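The sequence and the structure are shown first, and the description follows.

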Amino acid sequence: LLFCLAQGPPPTKQQRCSLGARPPSLLAALMAPAGGVATFQFGTGIKGKGLDKQKRRQLNQPRGICLCADGSLLVADYGNHCILKFKPGDAKGQVVAGEEGKFLPTVDPLKDIDKPMCLPEEEGVLLKRPGDVCEDLERGMLVLDTDEGSVQRFGGDTRAKTLVPVGGKSIHKSVGAPEIVKNPRGVTVAPDGALIVCDTWSHRVLRFAPPGSAEEMEKATVLAGMPNTWGRSAHQLAFPSCAILDADGSLLVADTNNHRIQRFEPNSQEATTLAGSSSCKKGDALHELDMPTGICRDPRDGTLLVTDRGNARVLRFPAKSKAGCEGTVVAGPDLVSRPWGICAAPDGAIFVSDDRDAVVLKIEADGVPVAPRPLASEPPLPVHPSPDLDASDVVVVEEEALPKTAAEEPVIQDADPEIELVISGSPDELD
């Protein structure tokens, strides 16, 4: 390690590509060999919008992803305020919701006092920082808009219909109100059509009744977490980023700031830890996690796939994993920098979004690696802190601030003597 540091910082991904290979980092080599290769890449690796000269779609900050029933891939481009759809093997894609690079205007009652108090004209057309996307049971497209705290259904040529908040959006809302959905990061659909939403900044997971049902206008049910209260107990969450339903109806939650994956059995408010630390301690060993944001099951064998964002890797855990179980590395720092979303195809292919590198990768255990992209006309990527650098080479960034509650003082975690990664306190967190 000392020898490597003496030679200067490791090469960037572009420099590795220019050499025609992607050698694993020292950290990846110490953990385990990578379990797959990237066989297709959506996005150029340079943040932007529109198409480049080779007619490849540029991405800005891809986060939530969803594999459709027809094999197409939906990508929520958080930074470009739109949803993109890519057919298999298609690097061009098309915008299917929102407008690339243009966001929904904000109505400010104080500034717009002389104007009619109503939602923007672009409501139902434009988005503002979409964080996730999925298909509903009728193959409509559900878009979770993080900044707006909403879920909308897009389909056909009509404006989108707002499903969350119940009853539609309003210009009169308070982020302090307990019923308000605050900066949500994840949405999925239950077998009965109900919407499962990660209400991230309220530290809970909500269930909204199926659209069109008799219960559609009823208030959401809390499935997990304590509203507006973060914590490290088995019944609490801290900034959850993703929730999925298991085959037995259990709820699995990526409890991001607690560095663990939690399992809530049906009708239970107490969780067990499937991966990571039950004591909420982050780490980079194979049984530890650091800011996990995405989870899914491999449909072939039920193993659990996790985007371990702070450690720049994707891990696979056994189907019946428990706290302390070791995962195996599917993709390491040689492939991803800040992985976010993940989904798996029936044939075992894994799709991972990386919002720092502005790409979505298709990773397969056996396959031909994607060809390195042309570099001559492209500016170099910025050099980001790598897990194999010495602490003196790394700028310390604090984790996302956790608010105090009246009943609970936050527990101060032991400081990591080597490296601290990486959350800000704004809605543009996890950069």
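## The hairpin of β10 and β11

In this predicted model, five residues lie between the strands of the hairpin formed by β10 and β11, and Gly 193 takes a positive phi near 95° there. The two strands, of which β11 covers residues 195-199, run antiparallel and are joined by four bridges, and Val 189 stands opposite Leu 195 of β11.

In a regular strand the side chains alternate between the two faces of the sheet. Strand β10, residues 186-189, has Gly 186 and Thr 188 pointing one way, with Val 187 and Val 189 pointing the other way, and all of these residues are buried.

## A buried charged pair

Asp 199 forms a salt bridge with Arg 204, in which the closest N and O atoms are 2.7 Å apart. Asp 199 has a relative accessibility of 0% and therefore counts as buried, and Arg 204, at 5%, also counts as buried.

Strands of a sheet pair through backbone hydrogen bonds, either parallel or antiparallel. Here an open sheet of four strands is arranged in the order β6-β7-β8-β9, and the pairing is antiparallel. Its edge strands, each of which pairs on one side only, are β6 (130-135) and β9 (161-164). On average, and with direction ignored, neighbouring strands of this sheet are turned by 30° against each other.

Between β8, which spans residues 150-154, and β9, the antiparallel pairing extends over three bridges. Within that pairing, Lys 161 of β9 is the bridge partner of Arg 153.

## Arg 153 and the loop between β6 and β7

Which side chains meet Arg 153 in salt bridges? One of them is Asp 136, with the closest N and O atoms 2.5 Å apart. Because Asp 136 lies in the loop between β6 and β7 (141-145), whereas Arg 153 belongs to strand β8, this pair ties together parts that are 17 residues apart in sequence. The side chain of Glu 138 also meets Arg 153 in a salt bridge, at 3.7 Å from N to O. Glu 138 likewise lies in the loop between β6 and β7, so its pairing with Arg 153 in strand β8 ties together parts that are 15 residues apart in sequence.

The accessibilities of these three residues can be set side by side. Asp 136, at 14% relative accessibility, counts as buried, Arg 153 counts as partly exposed at 26%, and Glu 138 counts as exposed at 67%.

## Salt bridges across the chain

Side chains of opposite charge can pair when their charged atoms come close. The count of salt bridges comes to 18. Beyond the pairs described above, Arg 63, Arg 309 and Asp 355 are linked in a network of salt bridges.

## Ala 234 and its surroundings

Ala 234 is found in the loop between β13 (221-225) and β14 (240-245), and with a relative accessible area of 27% this residue is partly exposed. Which residues is Ala 234 in contact with, leaving aside its neighbours within four places in sequence? They are Gln 262, Phe 264, Gln 269, Glu 270 and Ala 271. For Ala 271, which is 37 residues from Ala 234 along the chain, the C-alpha atoms of the two residues are separated by 5.1 Å.

Methods:
Residues numbered from 1 in each chain as written. Predicted model: local features only at pLDDT ≥ 70, side-chain atom pairs only at ≥ 80, totals over all residues. Heavy atoms only, no water. Pairing = 2+ DSSP bridges. Axes fitted to C-alpha atoms, helices over the stretch in contact; angles between N-to-C directions. Buried < 20%, exposed > 50% of the residue type's maximum accessible area, 1.4 Å probe, protein only. Salt bridge = Lys/Arg side-chain N within 4 Å of Asp/Glu carboxyl O. Contact = heavy atoms within 4.5 Å.
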